[in-house]
Amino acid sequence: MKAEDRPVSELKIIGGSGGRALATLVARDLGLRVSQTEIKRFPDGEKYIRINEDVADQDVVIIQSIHHEPDELLFEYFLICDTVKDLGAKRVIAVLPYFAYARQDSRFNPGEAVSLRTVTKLIEDVGTAELYSVDMHQHRVERASDLFRIPVHNLTAAPLLTQYVKSNILLEKPVVVGPDEESEQWASVAARAIGADHDVLEKKRLGADKVEITPRSLAVRDRDVLLIDDIISTGGTIIEATKILKNHGARRVIVACTHPILAQDALAKIYEAGAEIVIGTDTVPSPISYVSVSPLIADAIRRG
Ligand code: R5P
């Protein structure tokens with residue numbers, strides 16, 4: 001342990017409904033166990049929260065990935081955070097690996113809610129002292145810390161995803177491609193790790209589930225392409241990108257993403273578009289969450 005490492009033995013780890021499995025893995029990596037909680041519904045649909053653990057004067061880590069049912073899971077986070085504060089917790093450290101609402105960070109059309117601003121405000125106001133997230137979508141801001149008044153750590157899963165690909169897939173003449181300009185940050189990390197070059201496509205979003213990707217000259221013919229992005233939601237982005245890469249003669253398209261939301265039948269459509277395999281992390285539990293972000297989170301918590 002470095003002198004400045006956080007004394008993890010004094011932490012309490014709580015998993016919300018959106019992060020129970022991950023909380024167990026993170027606790028195990030830290031040599032701890034997950035605190036006992038009861039989370040259920042009253043017959044009328046309201047959430048019931050009970051913390052069966054003494055958290056007084058403790059630093060409490062709440063792990064809650066805000067996926068698929070974002071409103072419910074966010075509200076549950078507020079209840080847990082407020083309860084542990086009320087029970088005397090010293091500091092609440094939020095681990096929100098998938099941070100919902102990050103994409104609605106601006107008023108794109110008149111009258112729209114800037115949802116991200118509301119969500120960050122509520123997270124702070126409920127008493128969160130510090131926040132960890134993984135590949136938080138932040139296309140229009142430089143740093144996640146620009147969005148909050150509390151300390152924020154935006155971790156990236158790109159090295160873990162790349163390591164998984166390196167260990168499990170023999171890539172021939174590899175090249176890494178990001179489906180849009182913003183994905184350059186992950187494509188460049190992955191390319192360095194596998195010793196390949198990288199490129200990005202040009203994307204225009206036409207609607208929530210419709211994107212247009214401009215074909216451009218790409219040196220992918222007869223090469224294995226690692227196509228990497230932060231989120232696969234409807235799959236629209238990855239489907240269009242995969243089709244373009246295949247049309248340009250890519251030998252195989254291996255898809256990797258941090259957050260496999262996989263709304264509706266996104267996964268089937270990506271395979272239909274020609275992808276060989278799709279790999280994601282457990283920030284969002286899914287059939288393709290082959291990579292766990294628990295070591296990333298545990299290390300970051302340990303370093304403080
Ligand atoms: C957007 O810029 C993100 O990086 C992803 O490309 C996007 O969220 C993926 O969404 P979908 O799968 O619905 O195209």
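Which order do the five strands of the open sheet with E1 in it have? The order is E1-E4-E5-E6-E7, and the pairing is parallel. Strands and helices here are DSSP runs, numbered from the N terminus: helices are H or I with at least four residues, strands are E with at least two. Two strands pair if DSSP finds at least two bridges between them.

Before going on, the ground rules. This is a predicted model, where local features need pLDDT of at least 70 and side-chain atom pairs count only at pLDDT 80 or more, while totals for chains, interfaces and linings use all residues. Residues are numbered from 1 along each chain as its sequence is written, and side-chain values use heavy atoms, with hydrogens and water left out.

Now the overall picture. The protein has eight helices and 14 strands. Its radius of gyration is 20 Å, close to the 19 Å that the globule rule gives for 304 residues, so the protein is as compact as a globular protein of that length. That radius is taken over C-alpha atoms, and the rule is 2.2 Å times the number of residues to the power 0.38. Along the principal axes, the C-alpha atoms fill a box of roughly 60 × 50 × 35 Å.

Back to the sheet with E1. Strand E1 (11-15) and strand E7 (152-155) stand at its edges. Each has a single partner strand, so one side of each is left without a neighbour in the sheet. Neighbouring strands are turned by 20° against each other on average, direction ignored. Angles in general run from 0 to 180 degrees between N-to-C directions, and axes are lines fitted to C-alpha atoms, for helices over the stretch in contact.

Five bridges join E1 to strand E4 (residues 59-63), and the two run parallel. Ile13 stands opposite Val61 in E4. Helix H1 packs on this sheet and touches E1 and E4. Contact means heavy atoms within 4.5 Å. The direction of H1 makes about 155° with that of E1.

H1 has a helix partner too. H1 (residues 20-29) packs with helix H8 (residues 294-303) at an angle of about 55°, their axes 9 Å apart. That makes H1 oblique to H8. The cut-offs: under 35 degrees is roughly parallel, over 145 roughly antiparallel, 65 to 115 roughly perpendicular, and the rest oblique. From H1, the contact uses Leu22, Leu25, Val26 and Asp29. From H8 come Ser294, Pro295, Ile297, Ala298, Ile301 and Arg302. By class, that is seven nonpolar, one polar and two charged. Ala, Val, Leu, Ile, Met, Phe, Trp, Tyr, Cys and Pro count as nonpolar, Asp, Glu, Lys and Arg as charged, and the others, Gly among them, as polar.

Next, the other sheet. What is the strand order in the open sheet that holds E9? Its five strands run E9-E8-E12-E13-E14, with parallel pairing. Strand E9 (197-200) and strand E14 (277-279) are the edges, each with a single partner strand, so one side of each lacks a neighbour in the sheet. The twist averages 25° from one strand to the next. Strand E8 (residues 175-178) and strand E12 (residues 224-232) run parallel and are joined by three bridges. Val176 has Leu226 of E12 as its bridge partner. Helix H6 (residues 236-247) packs on the sheet, touching E8, E12 and strand E13 (252-260). The direction of H6 makes about 165° with that of E12.

The axes of helix H2 (residues 70-86) and helix H3 (residues 115-125) come within 10 Å and cross at roughly 20°. H2 and H3 are therefore roughly parallel to each other. Their crossing is left-handed. Leu74, Tyr77 and Phe78 of H2 meet Val119, Leu122 and Ile123 of H3. That contact has six nonpolar residues, no polar and no charged.

Last, helix H4 (residues 158-168) and helix H5 (residues 184-194). Their axes come within 9 Å and cross at roughly 40°. That makes H4 oblique to H5. This crossing is right-handed.

Definitions and conventions:
A crossing is left-handed if the near helix is turned anticlockwise from the far one by less than a right angle, and right-handed if clockwise.
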